[in-house]
Amino acid sequence: MPDNDDKERRRRDNLTEFVRAESAAKGFDLCRITRPDAIPEAKQRLGQFIDAGRHGTMEWMAETRERRGDPLTLWSEVRSVVVFGLNYAPEEDPRGILGKPDKAAISVYARNRDYHDIIKGRLKEIATRFAARAGADVKVFVDTAPVMEKPLAAAAGLGWQGKHTNLVSRAHGSWLFLGSMFTTADLAVDEAETDHCGSCRACLDICPTAAFPAPYQIDARRCISYLTIEHKGPIDPDLRPLIGNRIYGCDDCLAACPWNKFAVSAAEMKLKARDDLKEPSLAFLLTLDDAAFRTFFSGSPVKRIGRNRFIRNVLIAAGNSGETALIAQCRALAGDATPAVRGMAVWALSRLMQAGEFSAFAAQRTDESDDDVLNEWRLAGVG
């Protein structure tokens with residue numbers, strides 16, 4: 001007669017095979033498993049990152065640091081962590097658009113449906129079926145929860161955290177969305193992946209704003225993805241010219257990774273770029289009011305930042321473009337109801353207009369009371 005250990009082992013293996021089969025059936029490219037205590041160094045690294053102020057204005061990271069740094073603090077009963085990976089590799093190198101200053105560069109992940117919705121819906125279906133089969137409790141997470149998914153993914157063997165701090169997979173390069181399922185069930189764990197970066201510095205050297213103080217470290221305050229998505233206030237004037245035409249996120253460090261040569265473009269149609277988001281014109285985007293913005297970006301993660309922060313970003317791109325044809329639209333936005341928009345319109349115009357033209361424009365300005373906008377005028381040489 002089989003002993004209890006054999007029964008538990010078979011049950012564990014059967015449940016493990018079940019969750020892997022469910023993952024494949026739902027279209028995930030990778031599914032691997034680790035223990036909640038497999039990332040003991042993550043808490044210290046997170047603390048160093050926050051204590052150095054490198055999280056910028058993302059106060060939620062500091063507020064959740066204890067739960068974020070240790071899965072067992074987040075949920076003390078978890079025994080296994082299943083990490084899922086979904087390939088979103090583009091069909092072409094996304095850096096090609098950077099040479100087209102009249103066009104807007106939108107990060108690959110945001111060129112179609114919001115991946116949070118796609119992944120979470122599938123994880124909930126898997127979790128429901130798994131819980132019924134295992135008689136165990138489950139919780140699913142996708143990015144927005146206080147879960148350090150990249151270290152967990154590395155511990156589970158989906159890839160390793162590269163020098164750009166993002167996950168790198170030998171099969172999918174840098175293009176993987178991650179999601180996780182925590183469960184009280186005991187599952188068979190996978191081996192962690194080793195670091196295969198070697199002496200390569202491609203991701204570090206390509207960063208336009210030098211956001212990597214050292215390999216495997218990032219300062220969000222200099223990262224274009226953080227600046228264009230998370231940062232709500234005025235962007236450092238010294239960094240604006242380095243942003244170029246990137247209006248939502250940045251793919252440079254991801255795209256530079258040599259491991260991408262093994263990646264194939266995403267099979268999931270909802271993750272393939274919409275034609276109108278591949279190379280939208282700055283001229284068009286500058287016309288978007290709130291209603292038009294919400295309609296155009298319906299279903300896209302871009303919608304999360306709101307029209308005003310988005311137009312702020314587009315105005316920075318306009319100021320970097322050298323396209324004098326955009327002056328009229330920037331002038332119109334200098335009278336926008338939102339200070340963040342007015343301020344960036346001033347900056348863009350100071351770069352697009354000839355000195356005399358800008359002085360004449362400044363002489364016609366109406367009274368301004370917002371400190372940030374007044375500061376933009378001062379930076380442009382107008383008291």
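Me: How many of the eight residues of strand 7 are buried?
Reply: Eight of the eight, so strand 7 is largely enclosed by the rest of the structure. Bear in mind that this is a predicted model.

Me: Which residues of strand 7 are on one side and which on the other?
Reply: Leu176, Leu178, Ser180 and Phe182 are on one side. Phe177, Gly179, Met181 and Thr183 are on the other. Both faces are covered, and these residues are all buried.

Me: What order do the strands of the open sheet have?
Reply: The order is 1-2-7-4, four strands with antiparallel pairing. Strand 1 (30–34) and strand 4 (138–141) are the edges, each pairing on one side only. On average, neighbouring strands are turned by 20 degrees against each other, ignoring direction.

Me: Which helices pack on it?
Reply: Helix 6 (residues 115–134) does, touching strand 2, strand 4 and strand 7. Its direction makes about 30 degrees with that of strand 7. Helix 7 (residues 149–156) packs on the sheet too, with contacts to strand 1, strand 2, strand 4 and strand 7. The direction of helix 7 makes about 80 degrees with that of strand 7.

Me: Back to the pairing. How many bridges join strand 2 to strand 7?
Reply: Eight, and the two strands run antiparallel. Serine 80 has threonine 183 in strand 7 as its bridge partner.

Me: What about strand 4 and strand 7, over how many bridges do they pair?
Reply: Four, in the antiparallel sense. Valine 138 has threonine 183 as its bridge partner in strand 7.

Me: And strand 1 with strand 2? How many bridges there?
Reply: Five, antiparallel again. Arginine 32 stands opposite valine 83 in strand 2.

Me: Changing topic. Is helix 17 mostly covered or mostly uncovered?
Reply: Mostly covered: ten of its 14 residues are buried. Among them are Met344, Trp347 and Leu352.

Me: What do those buried residues pack against?
Reply: Helix 10 (240–243), helix 15 (306–321), helix 16 (327–333), helix 18 (355–363) and helix 19 (371–379).

Me: How far does helix 17 reach from its first C-alpha to its last?
Reply: Helix 17 (residues 339–352) reaches 20 Å, close to the 20 Å expected at 1.5 Å a residue.

Me: Now some single residues. Where is alanine 105 found?
Reply: In strand 3 (residues 105–106). Alanine 105 counts as buried because its relative accessibility is 7%, under the 20% cut-off.

Me: What does alanine 105 touch?
Reply: Leaving out residues up to four places away in sequence, Ile97, Leu98, Asn245, Arg246, Ile247 and Tyr248.

Me: And histidine 55, where does it lie?
Reply: In the loop between helix 2 (42–51) and helix 3 (59–63). Histidine 55 counts as buried, at 7% relative accessibility. Beyond four places in sequence, histidine 55 touches Phe49, Ile50, Met61, Ala62, Ala220 and Tyr226.

Me: Which residue other than glycine has a positive phi near 55 degrees?
Reply: Alanine 210. Alanine 210 is in the loop between helix 8 (202–206) and helix 9 (224–230). Most residues other than glycine have a negative phi. Tyrosine 216 also has a positive phi, about 70 degrees, although it is not a glycine. Tyrosine 216 is in the loop between helix 8 and helix 9.

Me: Is alanine 210 buried or exposed?
Reply: Exposed, at 52% relative accessibility. Tyrosine 216 counts as partly exposed, at 38%.

Me: Zooming out, how many helices and strands are in the protein?
Reply: There are 19 helices and eight strands. Buried residues make up 52% of the 383 residues.

Me: Last one. What share of contacts between residues at least 6 apart joins residues at least 24 apart?
Reply: The share is 74%. As for surface, the protein exposes about 17300 Å², and carbon and sulfur atoms supply 48% of that.

How values were computed. Residues are numbered from 1 along each chain as its sequence is written. This is a predicted model: local features need pLDDT of at least 70, side-chain atom pairs count only at pLDDT 80 or more; totals for chains, interfaces and linings use all residues. Side-chain values use heavy atoms; hydrogens and water are left out. Buried means under 20% relative accessible area, exposed over 50%, partly exposed in between (1.4 Å probe, protein chains only). Contact means heavy atoms within 4.5 Å. The expected span of a helix is 1.5 Å times one less than its number of residues. Two strands pair if DSSP finds at least two bridges between them. Axes are lines fitted to C-alpha atoms, for helices over the stretch in contact, and angles run from 0 to 180 degrees between N-to-C directions. Accessible areas come from the Shrake-Rupley method with a 1.4 Å probe; for residues, only the protein chains shown count as cover.
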